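The following exercises accompany a single protein chain. Please study the sequence and the model before reading each worked solution.

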Amino acid sequence: MIKQFGIALLSILAFSQCRKDNDSSNIPYISVNVNIDVDNPAYRDIKSPGNYVYINGGSEGIILYRLNQEEFRAYDRHSPIEPQDNCICDVTEDQLFIEDPCSGASWLITDGTPQNNAAKFFLREYQTSFNGRTVRVFN
C-alpha cells in the first residue's frame, strides 16, 4: 500500500513539472470593456475567420483574432515573460503564432498554447462575446 502511494505521488510530481505555468498575473491588470463593430471599415480584417486586428486596450494593446464565424480570441500584447521590459507581442507573418520579439517566446494564435520553452507563461487572454455584428472584449 505504501509502495503504491509512493509511486502515485512520484508520478503526480513528475507530470506536474511538465506543465507550463498559467500565471499571467505579472502583467498589470487593466480593466477592459471594448466593443468592436465588425462592419466598421477600420476592422475589415476580422470580417472573415483566420484574421486579426490590433485594438487599443489592456496593458499594451490587444490582439483580436477571429477563430470562426462565431468565436473570437483576445490576447494582451504585453509579454508575460519579462513584463518589466514592456515587450509587445506581434502576430507572425503566417498569422499562426503570437511572438515576443524580446525573448523569442511564441504562442499558438488559435488558443494561446505555448509553442516553445521560452514561453514559460500563457498570454493574458480576455473574454469575448459576439452578437453577429459587435464583438465585446472584456475582463
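**Exercise 1.** In strand 9, which residue is the bridge partner of Asp37?

*Solution.* The model is a predicted one, in which local features need pLDDT of at least 70 and side-chain atom pairs count only at pLDDT 80 or more, while totals for chains, interfaces and linings use all residues. Residues are numbered from 1 along each chain as its sequence is written, and side-chain values use heavy atoms, with hydrogens and water left out.

Step 1. Strands (E, at least two residues) and helices (H or I, at least four) are DSSP runs, numbered from the N terminus. Asp37 belongs to strand 1, residues 33-37.

Step 2. Strand 1 is joined by five bridges to strand 9 (residues 134-138), and the two run antiparallel. Two strands pair if DSSP finds at least two bridges between them.

Step 3. The bridge partner of Asp37 in strand 9 is Thr134.

Step 4. The covered face of strand 1 holds Val34 and Ile36, whereas the uncovered face holds Asn33, Asn35 and Asp37.

**Exercise 2.** Describe the order of the elements and the confidence of the chain.

*Solution.* Step 1. The protein chain contains one helix and nine strands. Read from the N terminus, the order is α-β-β-β-β-β-β-β-β-β.

Step 2. The mean pLDDT (the predictor's confidence in each residue, from 0 to 100) is 86, and 82% of the residues reach 70 or more.

Step 3. Over residues 5-21, pLDDT stays under 50, and the model has nine contacts (heavy atoms within 4.5 Å) beyond four places in sequence for this stretch. Where pLDDT is low, the predicted coordinates should not be read in detail.

**Exercise 3.** In what order do the three strands of the open sheet lie, and which are the edge strands?

*Solution.* Step 1. The order is 5-6-7, with antiparallel pairing.

Step 2. Strand 5 (90-91) and strand 7 (106-108) are the edge strands, each pairing on one side only.

Step 3. Strand 5 and strand 6 (residues 97-99) are joined by two bridges. Opposite Asp90 stands Glu99 of strand 6.

Step 4. Thr92 is found in the loop between strand 5 and strand 6. Leaving aside residues up to four places away in sequence, Thr92 touches Phe97 and Glu99. Thr92 and Ser106 are 14 residues apart in sequence, with 9.3 Å between their C-alpha atoms.

**Exercise 4.** Is Thr92 buried or exposed?

*Solution.* Step 1. Buried means under 20% relative accessible area, exposed over 50%, and partly exposed in between (1.4 Å probe, protein chains only).

Step 2. The relative accessible area of Thr92 is 15%, so Thr92 is buried. Of the 139 residues of the protein chain, 35% count as buried.

**Exercise 5.** Why is the pair of Tyr52 and Tyr54 classed as edge-to-face?

*Solution.* Step 1. Rings of Phe, Tyr and Trp (its six-membered ring) pair if their centres lie within 6.5 Å; planes under 30 degrees apart count as stacked, over 60 as edge-to-face and the rest as tilted. By this rule there are two aromatic pairs.

Step 2. The ring centres of Tyr52 and Tyr54 are 5.3 Å apart and the planes stand at 70 degrees, so the pair is edge-to-face.

Step 3. Tyr52 is buried at 18% relative accessibility, whereas Tyr54 is partly exposed at 34%.

Step 4. A charge sits over a ring if NZ of Lys or CZ of Arg is within 6 Å of the ring centre and within 35 degrees of the ring normal. Arg77 lies over the face of Tyr54, 3.8 Å from the ring centre. The charged end of Arg136 likewise sits over the ring of Phe138, at 4.0 Å from its centre.
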